[in-house]
Amino acid sequence: MQKISLYDMDRTITVRGTYTPFLFHMAFARAPWRLVFLPILPFGFIAYGLKLISRGRLKTFNQQMLLGSGPQLSALQPHIERFADKVLRSNRHKKAIEQIEVDRADGRKLVLVTASYELYAEAIARRLGFDHLIGTQLVVDNEGRVLPQIIGENCYDDAKIGRIEALFASQGWQRSQSHVRAYSDHVSDQAMLEFADEAIATTPTPKLRRLAEQRGWKIVDWR
């Protein structure tokens, strides 16, 4: 029996979201002049609210404004590493870190499943000792430039399930021969929690708390 633990990242392992802080961290560290684009950012949120653009397009729009159209990955990496250190220093639930260690000691395969960009989630996953990372992937061209373009889908909501199933296939894991535990704070991860044998709502939003109570899922508070 293969034992697998699926962890959401933002507000599950971390206290706060990481996407916007990442973009601001990179802008301040690399090109503070890009902050002149801040007045433009609300227009992206308005377009998203009006359903004129997708959540993924909103993310790449903000990325283009604050990170640029094609920075070199090699130039970004030192700043990414510092951002990951900052997250684990000041933006993580201590009890989440402790649970990760409990699962590791139990011989579970640890999988970080996040809508955040793999661009920086990889550094966080590496520091926490995850075995696998599933996140939103960005195009890196042949010249090593990170483009404001998502590969496939934004790894959010039901899109996570397709990526999880692909990981199972690539690793040769049989769902019928696996025990899956999943952790998340948000109802957008309902499909991932339903995929699991053991669903755990971690410091849940009110909507997820109600769903967890209806489904009989375990509820924990990691604050």
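In this predicted model, helix H1 (residues 19-30) packs with helix H3 (residues 55-66) at an angle of about 15°, and their axes lie 9 Å apart. Because angles under 35 degrees count as roughly parallel, H1 and H3 are roughly parallel to each other, and their crossing is right-handed. On the H1 side the contact is made by Tyr19, Leu23, Phe24 and Ala27, which meet Leu58, Lys59, Thr60, Asn62, Gln63 and Leu66 in H3. Sorted by class, the residues of this contact are 6 nonpolar, 3 polar and 1 charged. An α-helix has 3.6 residues a turn, so residues three or four places apart point the same way.

Helix H6 (residues 118-128) is mostly covered, with 8 of its 11 residues buried. The buried residues of H6 are Glu118, Leu119, Tyr120, Ala121, Ala123, Ile124, Ala125 and Leu128.

Aspartate 157 belongs to the loop that runs between strand S5 (146-150) and helix H7 (159-171), whereas threonine 203 belongs to the loop between strand S7 (198-202) and helix H9 (206-215). Is each of these residues buried or partly exposed? Aspartate 157 has a relative accessible area of 34% and is therefore partly exposed, while threonine 203, at 17% relative accessibility, counts as buried, because buried means under 20% relative accessible area.

How values were computed:
Residues are numbered from 1 along each chain as its sequence is written. This is a predicted model: local features need pLDDT of at least 70, side-chain atom pairs count only at pLDDT 80 or more; totals for chains, interfaces and linings use all residues. Side-chain values use heavy atoms; hydrogens and water are left out. Helices (H or I, at least four residues) and strands (E, at least two) are DSSP runs, numbered from the N terminus. Buried means under 20% relative accessible area, exposed over 50%, partly exposed in between (1.4 Å probe, protein chains only). Axes are lines fitted to C-alpha atoms, for helices over the stretch in contact, and angles run from 0 to 180 degrees between N-to-C directions. Angles under 35 degrees count as roughly parallel, over 145 as roughly antiparallel, 65 to 115 as roughly perpendicular and the rest as oblique. A crossing is left-handed if the near helix is turned anticlockwise from the far one by less than a right angle, and right-handed if clockwise. Contact means heavy atoms within 4.5 Å. Ala, Val, Leu, Ile, Met, Phe, Trp, Tyr, Cys and Pro count as nonpolar, Asp, Glu, Lys and Arg as charged, and the others, Gly among them, as polar.
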